Amino acid sequence: MRLASAIRPATDREVPLAVDVLRRAGFGTQVARLLEYPRRSPHGAILVAEGEGGGVSGVACVAAFASTGWIGALGVAPEARRRGLGAALTEAAVRWLRARGSQTVLLYATEAGRPVYERLGFVTEERAVAWRGVSGAAPPTDLLRLTESDRAGMGALDRLVTGERRDAVLDTIVPLSGVAVDGGADGLLGWAIASPWGAGTAIAAARPEVGVALMAAATAGPAAGTLIVPDGNGAAIDALHAWRFVRLNDALRMRLGPAVAWRPEMQFGLFNLFWG
Ligand SMILES: CC(C)(COP(=O)(O)OP(=O)(O)OC[C@H]1O[C@@H](n2cnc3c(N)ncnc32)[C@H](O)[C@@H]1OP(=O)(O)O)[C@@H](O)C(=O)NCCC(=O)NCCS
């Protein structure tokens with residue numbers, strides 16, 4: 001109880017301390033960029049557990065989207081582990097999201113995190129893998145540069161693919177930097193956008209050949225690019241194998257609450273392993 005009551009949104013002074021905990025918990029050098037969204041958005045927060053002497057010993061970030069919500073960048077300083085802090089941070093994050101209307105709480109779990117979440121009732125959905133490489137041959141497709149006038153179409157396809165209303169995060173991407181495939185009367189058939197919060201490109205597509213063409217465009221080189229793809233997307237995985245991409249890391253999608261009508265076979269790239 002004492003642990004949970006000391007978990008609260010980070011003050012500005014504590015944000016660098018939270019970043020340091022996450023770096024030491026293995027989140028890499030770019031984690032500060034990932035925290036910008038929960039830090040700045042009224043629909044997100046960086047929750048911290050107070051450590052000794054005004055420090056921070058654990059962090060959990062949250063992002064609420066209408067009836068769903070995400071927990072990400074959850075880490076405990078190595079010296080504070082195995083005392084129940086990971087569980088207390090997860091419970092605090094779930095409470096924060098439920099208070100904002102999230103009926104289903106989602107996250108991408110590492111192997112270390114999985115047992116903590118399972119004990120709290122989270123169930124496993126499927127794995128997503130981060131891949132790196134340079135694309136090869138792909139179906140010929142006419143790509144358009146995304147403009148502001150595509151926002152409504154982008155949001156409609158995102159809702160179909162994720163089963164969520166992620167407007168809070170999509171609206172934050174200004175200017176839109178990416179490409180799309182226009183289906184005429186059918187609206188946008190696919191889009192690919194670079195975001196400020198992850199190494200990879202987010203890609204949604206209503207048809208496999210469109211998704212693969214967008215993956216190819218996003219990783220055309222010369223430098224290797226990253227794509228995070230759900231294992232349930234067979235067309236994407238086949239293309240990554242054909243292009244000889246290498247696996248970087250992976251995580252397990254888990255949920256607490258009713259299943260979301262999610263279409264992994266239409267998701268060809270995730271923003272990141274925090275909010276999908
Ligand atoms: C995953 C992580 C957050 C867990 O943090 P934690 O504070 O150690 O979590 P908890 O203490 O709640 O639970 C961890 C284990 O300690 C045990 N434990 C909890 N309280 C305990 C206590 N008082 N005494 C002994 N063991 C205890 C738990 O039963 C659990 O056991 P397990 O090995 O069966 O899972 C932490 O290991 C971490 O930061 N890892 C690296 C980053 C990461 O993978 N984050 C998850 C991203 S999804």
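Residues are numbered from 1 along each chain as its sequence is written. Because the model is predicted, local features need pLDDT of at least 70 and side-chain atom pairs count only at pLDDT 80 or more, while totals for chains, interfaces and linings use all residues.

**Overall build**

The protein has nine helices and 13 strands. Helices (H or I, at least four residues) and strands (E, at least two) are DSSP runs, numbered from the N terminus. The radius of gyration is 19 Å, close to the 19 Å that the globule rule gives for 276 residues, so the protein is as compact as a globular protein of that length. That radius is taken over C-alpha atoms, and the rule is 2.2 Å times the number of residues to the power 0.38. The C-alpha trace spans about 60 × 35 × 35 Å along its principal axes.

Of the 276 residues, 46% count as buried. Buried means that 20 or more other C-beta atoms lie within 10 Å of the residue's own; exposed means 12 or fewer, and partly exposed is in between, with C-beta atoms placed from the backbone. Among contacts with a separation of 6 or more, 73% join residues 24 or more positions apart. A contact needs two C-beta atoms, placed from the backbone, within 7 Å.

**Two domains**

Domain 1 covers 2-102, and domain 2 covers 130-248 + 260-269. These bounds come from an automatic or database domain assignment. The domain centres, taken over C-alpha atoms, are 28 Å apart. Each domain gives 11 residues to the contact. On the domain 1 side, helix H3 (31-40) and strand E3 (56-65) each supply at least two residues. H3 gives the most, with four.

The largest nonpolar core has 93 residues. Such a core is a set of buried Ala, Val, Leu, Ile, Met, Phe, Trp, Tyr and Cys residues joined through C-beta atoms within 7 Å. Leu 47, Val 59, Val 62 and Leu 214 have the most contacts inside it. Val 59 touches, among others, Ala 18, Ile 46 and Leu 74, leaving aside neighbours within four places in sequence.

**Helix H8**

Eight of the 11 residues of helix H8 (residues 208-218) are buried, so the helix is largely enclosed by the rest of the structure. Leu 214 and Met 215 are among the buried ones. Their cover includes strand E9 (188-194) and helix H9 (234-242).

**Two loop residues**

Val 174 lies in the loop between helix H7 (167-170) and strand E8 (178-182). Val 174 counts as exposed, with 8 C-beta neighbours inside 10 Å. Val 134 lies in the loop between strand E6 (123-133) and strand E7 (144-145). Val 134 is partly exposed, with 15 other C-beta atoms within 10 Å. Val 134 touches Thr 219, Gly 221 and Ala 224, not counting residues up to four places away in sequence.

| Pair | Apart in sequence | C-alpha to C-alpha |
|---|---|---|
| Val 174 and Pro 196 | 22 residues | 9.9 Å |
| Val 134 and Arg 33 | 101 residues | 24 Å |
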